[in-house]
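Please look over the structure shown here. The text below goes through some loops, then a pocket, then the ligand.

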Amino acid sequence: MNLEILSYDSIDSTNDFLKRNWKRLNNLTVCWALTQTKGRGRNARNWFSPEGGLWFSILFKPRKVFSDINLYTKISSVGLCRFFENMNLEAIIKWPNDIYINKKKIAGILTEIVGNESSTAIIVGIGININNDIPSELSNKAISLRQITHRKYKLHRLLKRILGHIIRIYNLRSKQTGVATIVKMWKRRLFPKEGMKIRVLINDKEFVVRVLNILEDHIEVLNEETEKILKVRSGEIIFDSLESLR
Ligand code: BTN
């Protein structure tokens, strides 16, 4: 599979670069930058992108218009997990698409769609803390690969390995039952899982709830005390509950 990597020392945002240029670029073009001046996270948040981290975006140009954009996020998050698992690290996908190791966020994914009814493209932006320092205000929530393994990495080499993992999962999608396999791989690494009891924080109040249904944009949970069904969003799920309430 031919993958072209466009690399930059500094760029505003690798997602924005692909958004501006997707029409002239091929399927599976990757934009990689050593730093981003306007890195973006989900929910319109800024994404701090200093030197030492891996900041890149992949352009997918599916033949089918209106393809399921969430599938591309799942492909990428499973690919990232496989990369970490290959290093003997257990990575968990915190719903919907944050990658956690040792209960701290190591990578985030921002998927966007561009185009119209006649042609569309999907841009999956991936940010991974590799050699970069984590700002002290985030040190209880985020972690870098260097902090975990006490090694410094060559970013270019790592990028190629990660892309290899992602492309292997991507290639499954065209096989019979391939999409179901990808969803299964994603669910296996997902927190929370259906049926699990978790803690959620809604409007500053903590509840213990049971996960009923994991949907694309929210999770349906049951408050067993009040017997009420609630919708929760990603920021409301407390990750800590993993072992304690299983
Ligand atoms: C999140 O967890 O909020 C998603 C973070 C995504 C960050 C990456 S870094 C490369 C790409 N370019 C961006 O501007 N954002 C994504």
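**Loops, pocket and ligand**

Asn88 lies in the loop between helix H2 (69-86) and strand E4 (92-94). Helices (H or I, at least four residues) and strands (E, at least two) are DSSP runs, numbered from the N terminus. Asn88 has a phi near 65 degrees, which is a positive value in a residue other than glycine.

This is a predicted model, in which local features need pLDDT of at least 70 and side-chain atom pairs count only at pLDDT 80 or more, while totals for chains, interfaces and linings use all residues. Residues are numbered from 1 along each chain as its sequence is written, and side-chain values use heavy atoms, with hydrogens and water left out.

Pro96 is in the loop between E4 and strand E5 (98-101), and the bond from Trp95 to Pro96 is cis, with omega near 5 degrees. Pro192 is in the loop between strand E8 (190-191) and strand E9 (197-202); the peptide bond joining Phe191 and Pro192 is cis, with omega about -5 degrees.

Next comes the largest pocket. On a 1 Å grid over the protein atoms alone, a pocket is an open set of points where a 1.4 Å probe fits, with protein on both sides within 12 Å along at least five of seven lines; lining residues have an atom within 4 Å of a point. The volume of the largest pocket is about 1100 Å³, where a volume is the space filled by probe spheres set on the points, and points are joined across faces, edges and corners. The lining has 46 residues, and Arg45, Trp47, Asp98, Lys105 and Leu138 are the closest to the pocket centre. Strand E6 (104-115) gives the most to this lining, with 6 residues. By class, the lining has 19 nonpolar, 16 polar and 11 charged residues. Here Ala, Val, Leu, Ile, Met, Phe, Trp, Tyr, Cys and Pro count as nonpolar, Asp, Glu, Lys and Arg as charged, and the others, Gly among them, as polar.

Where is the ligand? The ligand sits in the largest pocket, meaning that more than half of its atoms lie within 2 Å of the pocket's grid points. Helix H1 (14-21), strand E3 (54-60), E6 and strand E7 (120-128) give two or more residues each to the shell around the ligand. E6 has the largest share of that shell, 4 residues.

The ligand is surrounded by 19 residues, each with a heavy atom within 4 Å of it. Ser13, Gln36, Arg40, Arg42 and Lys105 are the closest. An N or O atom in the side chain of Ser13 is 2.8 Å from an oxygen atom of the ligand. For Lys105, the distance from a side-chain N or O atom to a ligand oxygen atom is 2.6 Å.

Notes: A polar contact is a pair of N or O atoms within 3.5 Å; within protein, one must be able to donate a hydrogen and the other to accept it, and residues adjacent in sequence count only if both atoms are side-chain atoms.
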